[in-house]
Structures are given as structure tokens and as C-alpha cells.
Amino acid sequence: MKTDRPTTKIIAGVHKGKVLELPSLDVTRSSKSVLKESLFNVLQFDIIDKVFIESFAGSGSIGLEAISRGAKRAYFIELDKNSYSILLKNCKLVDIEKCQTIQGNTFVQTPLMLEFLKNSKDEVILYVDPPFDYREGMEEIYEKSFYMIENIDSTNIFMIIIEHVSSLKVPEVLGKFSLDKTRKFGKSSLSYYTYTK
């Protein structure tokens, strides 16, 4: 079935070239391919056998890229109904066995997911991509995201990555985690947090 929806492709790995559908852009931004490529250049082999959590998952393109490149499993959390149905479709296309999708509020579901994974031997990469502040009621989305990260008490987090609007100054320290680096891509940036040494 032909669709007029925007699409993106998996860049590398076992599912390279698979075409993923994207939700309408007024609801969610697609993570640009240059940003995605940079993210996985930073992670490289560190992605292998990790558990990847994508909060505010949208189409799931980041988590599905992680699976393609060797992540053990990916968890996706998305609230919007239309985005969630596209996410499900994309997971079925790539590898539904390695995907777990949750339709719900990121600020409720992410801490529950981390709690659930807390005692496992798996290391977790958490990717947080709050919607940019162009919709009403979104003003506090970054503060809420920072607060959520500050309250993480799991010890099996390998890295936390926040995708955010480049004009935002992100905190140097969030709870147990310190800012390692920020990479800028036009209007979007990626900030990487690891355990404070």
C-alpha cells in the first residue's frame, strides 16, 4: 500500500535499508539522519547486547536502528495514538521479537521500565527525545525530563542521551549523571550523560 507519509531508512546493520514510516510532522519530529548517524558513531560497538529504551519514541527510528546494529532489545514509549500505531507497524517490519512497545506517558512509564530492568544484568541506554516546545502545554517538557533523570537510582545505566533544541542549555549534572558532551546539528542537539565519576 502506497502512503504519502514521510519515511526514513535504517542506516546500517542487519536491517539496513528497511523503510520506516514516520508520523505526521506536526506531532513528532523525525530525528534527522545526520544526527542519527552521529549518535551511532559515538555509540559504535557499545550498542551491542545493550537494552535500549526510547522515550517519546514517535516512529521508533532510533531504537530500531539500535536493534539493527546489535542491541539486545528495545523498549519504546509513546503517548500519541497515531504515532503509536506507526511505531507498532515499524517494529513488526524490523524485528517484533526484540521490541516492546508501551502506549503511555513517558514520565510514568520510563521510571517503571527502569525499575523493572534494575536488577537485570543488562546495561541500559536511555534515549530521551522530548517534543520541541511548539505545542501548547509543552513548556515544561524539558524540566520534567531532567527531573525524571535526576531521580533514576538504577546502577545498570550505561548512558543517557537527550535529544533537544539546540538553544537549550542543559544541566551539567542530573542526579547521578554528568554531562559528557553535546553535539549540535542545526536546530537539534544530542547531549550525552554518564555516571558522575
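**Aromatic pairs, cysteines and backbone features of the predicted model**

Phe52 is buried, and Tyr127 is buried as well, where buried stands for under 20% relative accessible area, exposed for over 50% and partly exposed for the range in between (1.4 Å probe, protein chains only). The model is predicted, with local features requiring pLDDT of at least 70 and side-chain atom pairs counted only at pLDDT 80 or more, while totals for chains, interfaces and linings use all residues. Residues are numbered from 1 along each chain as its sequence is written, and side-chain values rest on heavy atoms, with hydrogens and water left out.

Phe177 and Tyr195 make up another aromatic pair, which is tilted, with 4.7 Å from centre to centre and 35° between the planes. This pair also links distant parts of the chain, since Phe177 is placed in strand β9 (residues 177-185) and Tyr195 in strand β10 (residues 188-195), 18 residues apart. The two partners fall into separate accessibility classes, as Phe177 has a relative accessibility of 1% and therefore counts as buried, whereas Tyr195, at 25% relative accessibility, counts as partly exposed.

The cysteines were examined for disulfides, that is, pairs of cysteine sulfur atoms within 2.5 Å, and the count under this rule comes to zero. For Cys91, the closest cysteine sulfur belongs to Cys99 and lies 3.6 Å away, which is too far for a bond. Seen from the other partner, Cys99 takes part in no disulfide, and its nearest cysteine sulfur is that of Cys91, at 3.6 Å. Both side chains can also be placed by accessibility: Cys91 has a relative accessibility of 0% and therefore counts as buried, and Cys99, with a relative accessible area of 8%, is buried too.

Helix α2 (residues 61-68) is mostly covered, given that eight of its eight residues are buried. The buried residues of α2 include Ser61, Gly63, Glu65 and Ser68, together with Ile62, Leu64, Ala66 and Ile67. Just after α2, Gly70 adopts a positive phi of about 115°.

Gln44, which is not a glycine, has a positive phi of about 45°, and its position is in the loop between α1 (33-43) and β3. Asp49, likewise not a glycine, has a positive phi of about 65°, and Asp49 too is placed in the loop between α1 and β3. With a relative accessibility of 51%, Asp49 counts as exposed.

Two further pairs of residues relate separation along the chain to separation in space. Ile162 is part of strand β7 (residues 157-165) and, at 1% relative accessibility, counts as buried. Between Ile162 and Leu190 there are 5.7 Å in space, taken from C-alpha to C-alpha, although the two residues are 28 residues apart in sequence. Val108, by contrast, is located in helix α4 and is partly exposed, its relative accessible area being 43%. From Val108 to Ile141 the C-alpha to C-alpha distance is 13 Å, with the two residues 33 residues apart in sequence.

Definitions and conventions: Phe/Tyr/Trp six-rings, centres within 6.5 Å; stacked < 30°, edge-to-face > 60°. Helix = DSSP H or I, 4+ residues; strand = E, 2+ residues; numbered from the N terminus.
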